[in-house]
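Student: Could you take me through a close look at one part of this protein, going slowly, as I am new to it?

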Amino acid sequence: MALPFLPGNSPNERLGKERFHKSQHFNYSSGVPMLVGSEKPGIGGEHLVGQEIKPKYSVYPIGSGTGLPPWVTFDKQVLCFDAYFQETVPEAQSETYRIRKCKIYFFLEDDTIQVVEPEYKNSGIPQGTLIRRHRIPLPPPNEGQFYNLFHFNINQQMKLHSRTFTVTDCDSFTRNFLTKLGVHVNNPTTVPEDPYSSLREQLKKSMQPLRPYERHDTLKQFLDHDRKVLRFYCFWDDSQSIYVDLRELILHYFLVDDTIEIREVIPPNSGRDKVNKFLRRCRLPKHVPAKVKQPGEITDRTVLNVLTSSTMGNRYILDSLKTGAVHEEFYKDCDLIIGGEVNVWGRRVILADCDDFTKHYYRAKYGIEDFTPLQYKAPPAPKPPRPVPPYNGFGSEEDSLSFCQHLLPKPPRKDFQKFMAKDRYGLDSKVLNFQAKMITADPVDRERVFIISFYLSNDTISVFERPQKNSGVLGGKFLERGRVKKPGQELFKSQLSQYFTAQDLYVGATLCLNSINFQLLDADEYTFKYMEQHAEEFPRANMGIIISKLRSLPEEKQCEIRKFLTLSDPSNTGFIPFESIRSLLLGLDCNLSEHEVLVLGRCFSEREQTQVDVGLMLAVAQDFLKKKAFEEFPKMARAFADHDRHKTQRLSTKAIRTICKAFHLPVPNSLLEGLLSKFADGDEIDYYAFLAGINWLEHPAPPVMPEDTLKFEVDVGFDGGRAAVKNINYSAFLQDAFSLPSNSSDTSA
């Protein structure tokens with residue numbers, strides 16, 4: 001028996017205790033002061049009344065989960081349960097209770113629950129969301145906890161805010177999810193029958209309305225076939241008229257409502273008045289009635305009788321059996337076939353052809369494959385030739401031709417699609433650069449070095465001459481950028497002149513640019529790579545065509561080539577010098593050009609990249625910055641530091657390139673990319689070292705020569721041709737070209 005709570009009868013709770021501290025209920029979270037005392041104990045570390053402290057450590061082992069937060073792992077994943085609850089209906093004679101079906105949604109990302117009741121027509125009850133989405137506490141005595149995933153199962157009751165729900169079923173995703181968690185999902189149960197709903201259904205079935213409502217649901221046909229029209233090309237043989245001729249028509253069949261529209265094609269100078277429509281859009285009957293029905297004669301409903309009363313007025317009864325209905329047959333899509341006839345109010349229209357959409361529709365729906373058109377008229381007469389006058393020398397040939405093609409002269413149209421596809425994009429210049437020399441007897445001109453650039457965006461050519469010290473030639477721009485005509489063409493002619501294209505430029509080719517002959521000696525690395533990547537446009541860089549030329553050689557010649565290559569490698573290293581195989585391939589009878597031989601060498605060789613001194617690159621970069629008076633180094637340092645969030649003094653190559661572009665660093669792209677590659681350590685760069693290297697104010701570099709600056713300014717490095725190809729793997733070459741191993745015995749005499 002408990003003692004009464006009186007002085008002297010209540011024990012002192014502090015007797016025997018040694019800890020009387022209070023827990024701190026406030027703390028900082030992400031720099032914000034917050035109340036965190038909901039899980040803090042009372043005085044001396046003892047639990048408060050009704051308080052349950054969560055365990056400090058998890059029951060799951062470390063590393064067993066995905067490592068992602070739940071709002072990411074379970075985003076848009078919801079468990080769906082079918083349930084019902086019974087609601088008492090007081091003061092009602094027809095019903096005492098009501099069964100209301102609903103859906104229970106459990107959101108896995110935050111353990112929230114939402115209860116939704118589907119809306120039923122004419123229910124008279126506010127339906128929709130019964131319980132909004134939130135965490136629902138458990139019923140007493142566990143009101144301090146919330147519903148979680150393991151509280152749900154089929155064929156059990158759940159109390160959600162004073163309403164008891166019975167779970168009857170769930171969807172397949174929910175069943176699979178609970179099964180994978182080890183929950184034994186019960187079998188689904190049935191929903192008890194609602195007496196009042198059953199009574200309403202019986203009354204609805206027993207009702208016989210005097211005016212039955214007939215619903216013609218055309219929504220599905222509208223949604224499936226909206227804006228879809230079948231087009232047929234047809235003709236009307238109007239041979240009975242005084243003008244015995246064929247009338248060309250176009251029949252449109254609208255799939256959305258099975259209506260037909262016919263338009264007439266009136267040729268020019270036919271003498272006929274142009275009308276808007278041959279047949280307005282309507283449903284076309286198959287059989288023309290002997291007498292056209294008057295308006296109101298054909299109705300959707302028929303009247304059995306009419307009752308007249310002086311007090312009630314006129315009343316009528318509708319015919320639910322449709323005994324007096326008039327049925328008409330109208331043309332459908334299945335009745336329209338090529339070669340078939342359509343009766344258009346007594347006119348015999350024959351279908352001759354259709355468009356591609358109509359063919360695809362009949363092929364997919366009816367499996368028809370024969371769409372042979374009918375030939376009902378003679379082919380059109382060929383247009384008389386319109387000779388173009390020869391070029392008179394004023395303006396460009398295209399501009400002069402446009403004066404002859406239009407009554408009002410228009411400027412010639414440019415190939416905009418080609419310009420957009422092959423114009424410069426980022427670091428991809430879309431420019432082919434070749435090193436060339438002049439073919440002449442003058443010894444001074446033979447030593448001159450030219451760079452011929454071909455711009456793929458508009459097929460223009462420019463020629464630049466490299467300045468040479470003590471040569472007596474200034475150098476610089478030799479030919480302005482523009483299209484260059486091929487030699488040997490007549491000047492004043494009717495046809496347009498032919499211009500040099502990208503396929504005409506390759507290593508070893510001879511170009512005649514404005515009566516001056518140039519021989520292409522080499523190309524830069526970008527040119528070789530671009531031509532090899534677009535081998536379908538450049539036959540000289542297509543390995544398939546080159547290999548087919550080599551395989552066209554006779555068998556004895558192939559054996560001689562294999563024997564020569566084997567003897568050229570006495571130490572059996574598998575590699576021979578490129579010059580040896582180059583002289584061999586150029587001497588063959590298979591019309592291999594210098595460019596094709598270089599492509600073969602690049603394919604079967606280990607190429608060496610030309611190394612550039614870092615000090616020279618930094619000196620050239622400082623020279624560019626000094627000439628442009630660029631002094632924004634402190635601002636660049638602050639920008640680098642702002643992007644360095646972890647304060648490691650290192651940034652990615654992409655970030656440093658972006659910042660340099662943002663400050664408009666006046667350095668050529670090739671030089672900037674070379675510097676970034678030199679300073680890169682993996683994918684990161686020490687930006688302090690990079691800034692110190694290009695800072696010409698604090699760390700000036702020695703002066704550079706003009707030719708060194710010009711080498712980076714022109715941005716062409718001819719290191720991808722013959723000089724970069726050193727040794728050839730002739731074993732792989734023989735295997736791919738002739739399908740022969742390098743150590744096979746010689747079968748030829």
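Tutor: What follows is a close look at one pair of packed helices, and then at one further helix and its surroundings.

This is a predicted model, in which local features need pLDDT of at least 70 and side-chain atom pairs count only at pLDDT 80 or more, while totals for chains, interfaces and linings use all residues. Residues are numbered from 1 along each chain as its sequence is written, and side-chain values use heavy atoms, with hydrogens and water left out.

Helix H15 covers residues 633–643 and helix H16 covers residues 653–662, and the two pack at an angle of about 145° with their axes 11 Å apart; helices here are DSSP runs (H or I) of at least four residues, and strands (E) are runs of at least two. The axes are lines fitted to C-alpha atoms over the stretch in contact, and angles run from 0 to 180 degrees between N-to-C directions. On the H15 side, Met 636, Ala 639, Phe 640 and His 643 make the contact, and they meet Ile 656, Ile 659 and Cys 660 of H16, where contact means heavy atoms within 4.5 Å. By class, this contact has six nonpolar residues, one polar residue and no charged ones.

Helix H20 (residues 730–738) has Tyr 730, Phe 733, Leu 734, Ala 737 and Phe 738 as its buried residues, buried meaning under 20% relative accessible area with a 1.4 Å probe and protein chains only. Seen down the axis of H20, these residues fall within an arc of 95°, so they line one face of the helix. They pack against several elements, among them helix H11 (555–567), helix H13 (594–603) and strand E27 (727–729).

Notes: Nonpolar A, V, L, I, M, F, W, Y, C, P; charged D, E, K, R; others polar. Buried < 20%, exposed > 50% of the residue type's maximum accessible area, 1.4 Å probe, protein only. Arc of directions from axis to C-beta.
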